[in-house]
Amino acid sequence: MTEHDSPTTIELLTFQLAGQEYSLDIMSVREIRSWTRATPLPHAPACMRGVINLRGTVLPVMDLGERLGLPPREQSDRAVIIVVTHGDSMTGLLVDAVSDIIALTRDDLQPPPDMANGAATGMVSALTLIDERMVRVLDLAATVSLQEGLAA
Amino acid sequence: MSLNILAVDDSRTMRDMIRLALQPAGFNVHTADDGLHGIDVLDVIEPDAIITDINMPRMDGFGFIDAVRGQEKHRATPILVLTTEAAPELKARAREAGATGWIVKPFDPAKLVKALQMVAG
Amino acid sequence: MSTENDPMAEIRASFFVECEELLEALQDSLQIMDDGAEDSETINVVFRAVHSIKGGAGAFGLDALVRFAHRYETVMDEVRTGRMEADADALKVFFQCADHLSDLVRHSRDGGADPAEQSNTLLTRLNALMGEEGGPTESEPEPEIEFQPMGLALDLAPLNDGSLDDLLDLDALPPLGDLPDLPPLALNAPKTYTLHFAPEQELFETGNEPYLLLRALHELGTAQVTCDTSRLPPQQSLTPEQPYLSWTIELETEAEEAEILSVFEFVDGLCTLKLTSGDSDDMPSDLPQMLPADQTTPTSTPEPPTAIEPAPSPAPQPAAPAAPPKTQPPSAAAAVKSVVRVDLDRIERLVNLVGELVINQAMLSQSLEDANLPPHGDAISGLEEFQRLTRDIQDSVMMIRAQPVKSLFQRMSRIIREASAAVDKDVRLHTEGEATEVDKTVIERLADPLTHMIRNAVDHGLEKPADRIAAGKPPEGQVKLTAAHRSGRVIIEVSDDGAGINRPRVLQIAIDKGLIPADSQLSDSEIDNLLFLPGFSTASTVSDLSGRGVGMDVVRTAIQALGGRIAITSIPGEGTSFSISLPLTLAVLDGMVIDTAGETLVVPLNLVVETLTFAASEVSMIRPGQHVVRVRGAFVPVVDLGAELGYRAPLTDFEGAVALLIVHENGSRAALMIDNILDQRQVVIKGLDDGFFRAAGIAAATILGDGQIALILDPSDIITNAAQHPQEPLQAGVSA
């Protein structure tokens, strides 16, 4: 975690995956789209759902649950695609449902423990408590880069 | 009271540089890219002074000065000639054609301004 | 590009753009002279091009460029005034100088390898043409960067309103060359001078104004001006054009004499001017004019005007340039078009937006059709109009970036010069269709492939002069480069009149390199296409140009990457010809829309030879997972697209299967088995962000009318993969 002289506020978008709660820095979120069928890419890794048409742009969509190594489940009818930007690129992240936007300070973040869930290690950058619930904060860069802990 | 200047040069770079030199000094700069074009623009803007290059397509500087001086109202309009050399023959020829003065390229913007003020007020 | 840049930087950038145009005009005109088709204006174009480049370069302090351009210009001046003849040898040197000038410009703009060493060689050659021995010498007059001292007054009383403040901002000044010494600013005690000034008629005729001269004197110090009106005639006989007035000025100033006299620089010789130090009492009555030696004087001496009419016409001048405009030869600047320079970024954006507009319009059309509206109602006719307008906008925008291929052809002509010199062959380049317009990006990406083909033609295609003569051909080899629009595409041809492809040798080399089996029976055209195989190069010795390991396969890949095709034809003894067919723009693709395994895909039309429908009897199995099909007597490998893309298990029933006969990279063919052909249309290409994952076999994507994304296939990729990994049922890792 970065050091700051004074606590700065960050805003997190929280969402659900396989019953667990995750979040992303709102600054990287462009928009939220309802689920549409993605055109599959041949021979893509399991976490790549394919591409969708985002107002004339071809947007790759990642199945975030698959990426984090979470158990497969029925597609939720509240499933949405969170469109995020990282560097010059945009990616869509398929999640079960979006919850809320929470404002925190950096002091509210705790480092992640070494989790037994090996695949997710490295993609969770911090933990926080919201209303007694544990919410994992994702490291976007590590998540969308397919080098990290790719689930074959 | 800004003076209207007509700058005639087939090089866009030169036209840009003249404009860059003269506009901050308060001159209104109009341009043309050769002698023939210059004649057209002349009719429209009635410049207080003219700057012209010599080597241009279609109608060169001398032909242009000739044509300008041939117009009654422009018989005494100050004309500065842009030359790349200070050779006496060129200056003599410029003068014979009716040019008021000359400026050597590459020109120092301050000197261009001074030269204009010298001949045009 | 931000517009809040330093304006000098913008002008500098624009200068380099201008240089490109001038260099192009220079090339053109030299070529016209070489062809013997010049007229009196041609050499002027050459001269002005070099002259203008020199002028601009001086403003930016590009000394090496100025130096070379100056000498080149001097020689071109000799030619244009008729003092030197531009014969074949001279033209050779002029071409080389033009190429070198281009290198110097590029170096000034981009940096990189310094071409300055070449300068000395070429300067020596230029000197030789001028009848001078040796290379650039110290005595060679450097282009003077002279600044006329213009009465540098320290006291700028009327101009103290701050309007000059910007000018004195040193950062805004262009880099100056060697600053000559300005006359020393007088920091002395003020001295008194007396000036006697009597303008002559010519002074007025050149537009000079005594009032302004006197005012300038006032700015130098304190002046007392007396006007002598004694020569004024009575008003009735007053002729306005005749000067009658003269002035005596007593000037107290710190300025030096040189500075005072510099006020009169322009009118030197157009007036009587006497300057003495001391006040008027000391002034002798008829001192000769005292001008310091370093003031340049015009050749005309200060005499009373003789026979000058009020409307001045210039005295007879030496070699007066033609003032009345003549009808221009078509080669010189065509009717001056109005042009606007636009940032490429803006064009990119516009092209993208139009692409999205097209997609959007297609989706709207689809929705409206699905809505079952009355076919002749307003909505549908409005939609048709909308479609028409969108197509028009698309056509116009797609061609915005189109440029004539001329600049590319000119580069090739330089390549030919260098190539033929390197292998000691005489080669002439003919071009046709230089005005054919092609997307700028396509032009840029064609440069390398074309360069390679031209070098090949010179190096391998054309025979040595002796061999050509023996074969009854003229010793000078001919290379022809043409461009034309044909049925919505651009066709570029490179041909030579050389020996043609040596088929037995090519066949043997391919066998020796293990590229084909030893007992292959190939048709002539198939042998020709062996040249496109990777790893093929017929150079047994690496010559200066070709045989560097860059084969025609790289050329073909480059052409195909542009959505184009390349074909080769050759007649032994007569020559070889390459024909390149390209789309007009890279943003759209002519595609065949198909479906396979429930997915809609697009196959680039330029790679589809024909469509096939199988009869089971025509398909044979080589081994499990590999099949071939008989197409007019030849066996062509079958590629099951659905299985290759991992969408489903390989098909086993081939009866009635639909396939596309695809031309593969290496010229061979394959039958790509699909489910259905849906449509054939132009689609807007949307790139796939490579960042996360590169899909094999997929080139790009497009968005169809229904809003769905259809992947654009890279058939060669698919075919290559299929050959390397004979199909196994259902690959692991298929996405859910």
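1. Over all chains, seven aromatic pairs are found in the structure. One of them joins C:Phe15 and C:Phe16, with ring centres 5.4 Å apart and 50° between the planes, a tilted arrangement. The model is a predicted one, and the distances and angles in this note should be read as computed from it.

2. Both members of that pair, C:Phe15 and C:Phe16, are buried.

3. Two arginines are placed over aromatic rings. In chain C, C:Arg80 lies over the face of C:Phe47, at 3.7 Å from the ring centre. In chain A, A:Arg136 lies over the face of A:Tyr22, and here the figure is 5.3 Å from the ring centre.

4. Some totals for chain C follow. The chain has 736 residues, and 44% of them count as buried. Its secondary structure consists of 18 helices and 22 strands. The accessible surface is about 36,600 Å², with carbon and sulfur atoms contributing 52% of that area.

5. On the contacts of chain C: taking those with a sequence separation of 6 or more, 70% are between residues 24 or more positions apart.

6. C:His100 sits in helix H4 of chain C, which covers residues 88–110. Is this histidine buried or exposed? C:His100 has a relative accessible area of 2%, and because the cut-off for buried is under 20%, it counts as buried.

7. Which residues does C:His100 touch, leaving aside those up to four places away in sequence? They are C:Phe68, C:Pro115, C:Gln118, C:Ser119 and C:Leu122.

8. C:Glu241 belongs to a loop of chain C, the one running between strand E2 (221–228) and strand E3 (246–253). The relative accessibility of C:Glu241 is 26%, so this residue counts as partly exposed. The C-alpha atoms of C:Glu241 and C:Gln201 lie 6.7 Å apart in space, while the two residues are 40 residues apart in sequence.

9. To set the two sites side by side: C:His100 is a buried residue within helix H4, whereas C:Glu241 is partly exposed and lies in the loop between strands E2 and E3.

Methods. Residues numbered from 1 in each chain as written. Chains lettered and ligands numbered in written order. Predicted model: local features only at pLDDT ≥ 70, side-chain atom pairs only at ≥ 80, totals over all residues. Heavy atoms only, no water. Helix = DSSP H or I, 4+ residues; strand = E, 2+ residues; numbered from the N terminus. Buried < 20%, exposed > 50% of the residue type's maximum accessible area, 1.4 Å probe, protein only. Contact = heavy atoms within 4.5 Å. Areas by Shrake-Rupley, 256 points an atom, 1.4 Å probe, with all protein chains shown as cover. Phe/Tyr/Trp six-rings, centres within 6.5 Å; stacked < 30°, edge-to-face > 60°. Lys NZ or Arg CZ within 6 Å of the ring centre and 35° of its normal.
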